[in-house]
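Dear colleague,

I am passing on the structure we spoke of, with the sequence alongside. Please look it over first, and then read the notes that follow.

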Amino acid sequence: FDFYKSELTNLPKAGLKTDLSAAKMESQTNRGSSGPELRGSSISLHKITHETDVSNRHTKIVCTLGPACWEVPQLEKLIDAGMSIARFNFSHGDHDGHLACLNRLRQAAKNKGTPVAVMLDTKGP
């Protein structure tokens, strides 16, 4: 402790405040624990390492559909991976092509028993 105390006294005033803040944070995060902890949060090792219930998930995954994923098997893979919103980019393609892809998306969602929202991104001005 005396070594660090002597080092702190030789620092400029601006550096002293930063180092003392870091020391205070260090003492708060390692107080009787095996590592850093987030104060006031509910994060735990158990929550990180165990499966969670995704049926109540609030995060949405938006996938822009293109030629590589227009077929039902590819759409089903996207749904399995967590796609919750399918985005159609109307700057490319025509309405008939997008309608055909929408029908395949509906079929894939029906096959998986999972609702998938649809977002239409229309052309600009």
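A residue is called buried here if its relative accessible area is under 20%. By that cut-off, buried residues make up 20% of the 125 residues in the protein chain; please bear in mind that this is a predicted model. The protein chain exposes about 10,000 Å², of which carbon and sulfur atoms supply 57%.

As to the fold, the secondary structure of the protein chain comes to 5 helices and 3 strands, and from the N terminus on these elements follow the order α-α-α-β-α-β-α-β. Among the contacts in the protein chain with a separation of 6 or more, 55% are between residues 24 or more positions apart.

Strand S2 (residues 85–89) and strand S3 (residues 117–121) run parallel and are joined by 5 bridges, with arginine 87 standing opposite methionine 119 in S3. Between the two strands the chain passes from S2 through helix H5 (residues 95–112) to S3, and this β-α-β crossover is right-handed.

Within that stretch, the loop between S2 and H5 holds histidine 92. Is histidine 92 buried or exposed? Its relative accessibility is 55%, and because the cut-off for exposed is over 50%, histidine 92 counts as exposed. In space, the C-alpha of histidine 92 lies 8.6 Å from the C-alpha of lysine 123, although the two are 31 residues apart in sequence.

Conventions. Residues numbered from 1 in each chain as written. Predicted model: local features only at pLDDT ≥ 70, side-chain atom pairs only at ≥ 80, totals over all residues. Heavy atoms only, no water. Pairing = 2+ DSSP bridges. Helix = DSSP H or I, 4+ residues; strand = E, 2+ residues; numbered from the N terminus. Right-handed = clockwise from strand over helix to strand, strands pointing away. Buried < 20%, exposed > 50% of the residue type's maximum accessible area, 1.4 Å probe, protein only. Contact = heavy atoms within 4.5 Å. Areas by Shrake-Rupley, 256 points an atom, 1.4 Å probe, with all protein chains shown as cover.
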